[in-house]
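Take a moment to look over the chain before reading on. The paragraphs below walk through a few parts of it, one step at a time.

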Amino acid sequence: MVLQKLFRDKDRVPSVPAKELKDTESKFILDVREPDEIATGKIPGAHTIPLGELSSREDELPKDEAIYVICRSGNRSRKACNYLSGRGFQCVNVAGGMLAYEGPTE
């Protein structure tokens, strides 16, 4: 029900504040940071594809579920969401990124 509300406005990529990102183990999380940034910690179970590789690796992403996209601050994840939304994916930008994320990391 909540996802239906998020995706109602087709002209805008939905977002969720990083502080409100919960139940990450049940979500498809995509981290678009660079490997050196990911080495400092990532959300457990998150899939990692640097933003620059996204167009060549989009076949690794599910089209049948929402993808929560995160980066360091929310800028690259917004760009990734805009790109992926245009390609038919359901994306949610994690606003504030890892700088604002308060959950567990690995």
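Contact here means heavy atoms within 4.5 Å. Keep that cut-off in mind for the residues below.

This is a predicted model. How far does the confidence reach? The mean pLDDT of the chain is 90. Of its residues, 90% reach 70 or more. One stretch stands apart in confidence: over residues 1-10, the pLDDT is below 50. Beyond near neighbours in sequence, that stretch has 10 contacts in the model. Where pLDDT is low, the predicted coordinates should not be read in detail.

Now turn to strand 5, which spans residues 91-95. Is this strand mostly covered or mostly open? It is mostly covered, with 4 of its 5 residues buried. Strand 5 has strand 1, residues 15-17, as a partner. The two pair in the parallel sense, over 3 bridges. Within this pairing, Pro-17 stands opposite Ala-95. Strand 5 is also joined to strand 4, residues 67-70. Here, too, 3 bridges make the link, and the strands run parallel. Val-69 stands opposite Asn-93 of strand 5.

How does the chain get from strand 4 to strand 5? It passes through helix 4, residues 75-86. This β-α-β crossover is right-handed.

Stay with helix 4 and find Ser-77, which lies in it. Is Ser-77 buried or exposed? Its relative accessible area is 0%. Buried means under 20%, so Ser-77 counts as buried. Which residues does Ser-77 touch, leaving out those up to four places away in sequence? They are Val-32, Val-69, Ile-70, Cys-71, Asn-93 and Val-94. Two of these names, Val-69 and Asn-93, have come up already as residues that stand opposite each other. The side chain of Ser-77 also reaches the backbone oxygen of Gly-74, at 3.2 Å.

For another setting, go to Pro-44. Where does Pro-44 sit? Its place is in the loop between helix 2 (35-38) and strand 3 (47-48). Pro-44 has a relative accessible area of 30%. Buried means under 20% and exposed means over 50%, so Pro-44 is partly exposed. Leaving aside neighbours within four places in sequence, Pro-44 is in contact with Pro-104, Thr-105 and Glu-106. Next, look at Glu-25. Pro-44 and Glu-25 are 19 residues apart along the chain. Their C-alpha atoms are separated by 7.5 Å.

How values were computed: Residues are numbered from 1 along each chain as its sequence is written. This is a predicted model: local features need pLDDT of at least 70, side-chain atom pairs count only at pLDDT 80 or more; totals for chains, interfaces and linings use all residues. Side-chain values use heavy atoms; hydrogens and water are left out. pLDDT is the predictor's confidence in each residue, from 0 to 100. Buried means under 20% relative accessible area, exposed over 50%, partly exposed in between (1.4 Å probe, protein chains only). Two strands pair if DSSP finds at least two bridges between them. A crossover is right-handed if, with the strands pointing away from the viewer, the path from the first strand over the helix to the second runs clockwise. A polar contact is a pair of N or O atoms within 3.5 Å; within protein, one must be able to donate a hydrogen and the other to accept it, and residues adjacent in sequence count only if both atoms are side-chain atoms.
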